[in-house]
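Here is my note on the model, point by point. Please read it with the structure open.

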Amino acid sequence: MGIFRPEVTLPLGIKNPVLAWGGGLERLVMLRYGIDDLRKLYENDLGWLRRIPLRP
Amino acid sequence: MSNEIILERLPYLGLDLEEIAEEYVRVEYNPNRPDFSTDYGIARALNGLLGLETGAPKYRVRKGSLKILVDSSVRSVRPYIGGVVVRHIKFDDETLRQIISMQEDLHNGIGRKRRKVAIGLHNFDVVRPPIKYGTAGGEFRFIPLGDNSAISIKEILRNTEQGRHYSALLSQFNRYPILTDSMGNVLSFPPIINGELTRVTNSTINLFVDVTGTEMKAVEDSLSILSAAFQDAGGHLESVEVLYGKKRMRTPDLNPIGISLDLGYARKLLGLDLTSRNAVQCLARSRITARPLKDKIHALLPRYRIDILHEVDLVEDIAIGFGLDKIQPTIPRSNLIGSFDKQLTHLALMRETLTSLGFTEVMNFSLVSKQLLRDSKTQDEEVRLSVDNPKTTEHEVLRPRILPSLLAVLSRNIHEEYPQRVFEIAKVFLRDESPVVVSESFHLGFSIAHGQANYSEAKSYLASALSGALGIECKTLPKDDPMFIEGRGAEIRVREQAVGVLGEISPSVLQSFALRTPVSACELDLTKLLR
């Protein structure tokens with residue numbers, strides 16, 4: 001998170017400061033679902049997708 | 001100074017604590033602060049933050065008598081060189097470890113894997129000045145570091161570890177940079193390897209450091225960071241004169257760099273009501289000496305602060321000196337309400353509708369292999385966007401449609417229960433003529449696999465999805481697609497516009513994906529539909 005450097009925003013015609021923050025949701029999902037391998041979220045394993053609860 | 005206080009403050013310098021042990025702590029530093037590559041640099045900064053030693057550190061460089069004579073032949077190979085002599089340095093194991101670690105970090109960072117900058121450390125007491133920086137042919141022989149007999153440059157590039165690793169940097173040349181003394185002894189062959197003669201050990205008292213490279217600024221920046229660390233380690237710095245023909249330079253130049261900052265700009269960006277005096281104090285804690293000059297602050301940056309490029313960087317240093325944890329959050333004065341993007345709202349509704357109809361949502365990568373598109377008989381290769389030099393064959397092309405990825409998902413799930421109904425809503429990419437080279441669209445793709453999967457079922461789900469999520473109806477007209485069984489494919493039309501395809505997947509495609517049940521599928525261009 002932080003403030004964009006003017007060298008980045010000025011060429012796009014933006015004169016006011018631009019604040020930004022962000023984070024990956026995957027890690028939160030991993031904590032919530034008790035997964036320890038990130039790739040599980042992208043395997044598209046129907047068996048797993050069908051079993052996981054909507055709100056763990 | 002207790003360990004607790006040090007450990008507590010380190011993150012406020014921008015250092016991530018990775019491992020805490022009895023005798024040491026491992027920290028990760030950002031590559032924009034190469035001065036943090038040694039304990040000396042970190043201690044320097046921490047002293048400031050803790051208020052123990054503030055303002056820019058003072059570096060003393062005595063005028064030395066060593067000269068480096070540069071031959072013009074290096075100009076087309078590795079043009080720039082700088083150096084420093086360090087006297088009375090105590091090279092215990094720890095100091096040596098720190099310096100070597102810094103050298104490696106500078107090689108990989110500013111040095112761009114030794115291409116831009118390479119650093120040589122030499123025992124100065126065996127060197128007979130002046131030093132010559134010139135070039136030699138591939139047959140030139142000397143004893144490289146770690147060897148006991150002379151071998152040629154060509155052999156070094158072919159047979160030694162460093163030679164093999166970095167020979168690509170010199171592959172276009174037939175004359176190679178070489179640093180020698182007045183007796184013709186080799187100090188080093190930059191950027192590859194030093195000579196054995198000037199090996200540095202625990203008993204080295206006087207050091208000569210050479211920095212060669214392809215950009216003068218990078219060479220000088222690295223030399224400044226090295227010199228600062230050497231002085232902090234207890235050495236006495238002596239400058240070196242470099243002669244490029246008639247042009248003379250003295251290195252290192254550790255004079256501070258002056259830069260101005262508008263106080264109003266800092267106050268506005270930080271949201272802090274700082275006076276010039278506050279700002280000066282904060283900068284002092286960031287080891288920057290500053291003084292107010294009307295409504296500006298004039299700052300003197302230590303030469304090793306190569307990360308300060310713009311006023312904003314000084315503002316950041318004010319914040320760091322102020323204490324990032326001391327900045328109080330405040331509620332913004334403007335009231336802005338955010339809302340969801342309209343297009344995304346429709347997409348979310350479509351997702352919910354399909355889930356309600358019993359489909360499982362899947363997510364696939366945007367980059368796919370060419371093989372996947374071949375297996376699914378996807379046409380139109382001219383409008384595809386491919387990756388230049390892909391690292392793996394899995395990520396070669398930006399996908400122009402969703403269905404191939406869905407077939408791959410079905411392929412990976414042949415041991416799961418049937419019926420299988422999957423869908424995905426994601427971006428696909430096509431090459432465009434104008435105005436932009438890439439056109440991105442959201443597509444919906446769904447696939448149905450089971451013993452009786454057929455066109456009618458897919459059509460029925462399509463109709464339910466369109467009416468449920470978007471309140472619209474569609475028409476289908478027969479149209480063949482290489483992916484579908486001949487006669488069982490259709491074009492989807494909404495308001496006379498072609499917006500997608502629908503059909504039963506052909507047996508040959510099913511075979512490519514090792515699928516053993518019939519599959520019917522549909523793909524819709526939602527971006528087109530929602531316009």
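1. Leu28(A) sits in helix H2 (residues 26–33) of chain A. Helices here are DSSP runs of H or I with at least four residues, strands are E runs of at least two, and both are numbered from the N terminus. Leu28(A) is exposed, at 54% relative accessible area. Buried means under 20% relative accessible area, exposed over 50%, and partly exposed in between (1.4 Å probe, protein chains only). Together with Leu25(A) and Leu31(A), Leu28(A) forms a nonpolar surface patch of about 380 Å² accessible area. Patch residues have over 30% relative accessible area and no salt bridge; nonpolar side chains (Val, Leu, Ile, Met, Phe, Trp, Tyr) are joined within 5 Å, like charges within 9 Å. Areas come from the Shrake-Rupley method with a 1.4 Å probe, and for residues only the protein chains shown count as cover.

2. A word on the basis. This is a predicted model, in which local features need pLDDT of at least 70 and side-chain atom pairs count only at pLDDT 80 or more, while totals for chains, interfaces and linings use all residues. Residues are numbered from 1 along each chain as its sequence is written, chains are lettered from A and ligands numbered from 1 in the order written, and side-chain values use heavy atoms, without hydrogens and water.

3. Chain B has 15 helices and 28 strands. Its radius of gyration is 33 Å, well over the 24 Å of the globule rule for 531 residues, so chain B is more spread out than a compact globule. The radius is taken over C-alpha atoms, and the rule is 2.2 Å times the number of residues to the power 0.38. The C-alpha trace of chain B spans about 90 × 65 × 50 Å along its principal axes. Of its 531 residues, 48% count as buried.

4. Chain B is assigned domain 1 (3–49), domain 2 (61–251), domain 3 (257–324) and domain 4 (342–530). Such bounds come from an automatic or database domain assignment. The C-alpha centres of domains 3 and 4 of chain B are 55 Å apart.

5. Look at the hairpins of chain B. Strands E14 (residues 236–244) and E15 (residues 247–251) run antiparallel, joined by five bridges. Strands pair if DSSP finds at least two bridges between them. Val242(B) has Met249(B) as its bridge partner. Two residues separate E14(B) from E15(B), and Gly245(B) in the turn has a positive phi of about 65 degrees. E10(B) and E11(B) form another hairpin, with five residues between them. There, Thr180(B) stands opposite Val186(B).

6. How many salt bridges does the structure hold over all chains? There are 33. The criterion is a side-chain nitrogen of Lys or Arg within 4 Å of a carboxyl oxygen of Asp or Glu. Arg303(B) and Asp221(B) form one such pair at 2.9 Å, N to O. Arg303(B) lies in the loop between strand E18 (296–301) and helix H9 (311–322) of chain B and Asp221(B) in helix H6 (residues 216–232) of chain B, so the pair ties together parts 82 residues apart in sequence. Both Arg303(B) and Asp221(B) are buried.

7. Compare two further pairs. Glu424(B) and Arg399(B) meet at 2.8 Å, N to O. Glu424(B) is buried at 3% relative accessibility, and Arg399(B) is buried at 1%. In the salt bridge of Lys154(B) with Glu139(B), the closest N and O atoms are 3.3 Å apart. Lys154(B) is partly exposed at 41%, whereas Glu139(B) is exposed at 57%.
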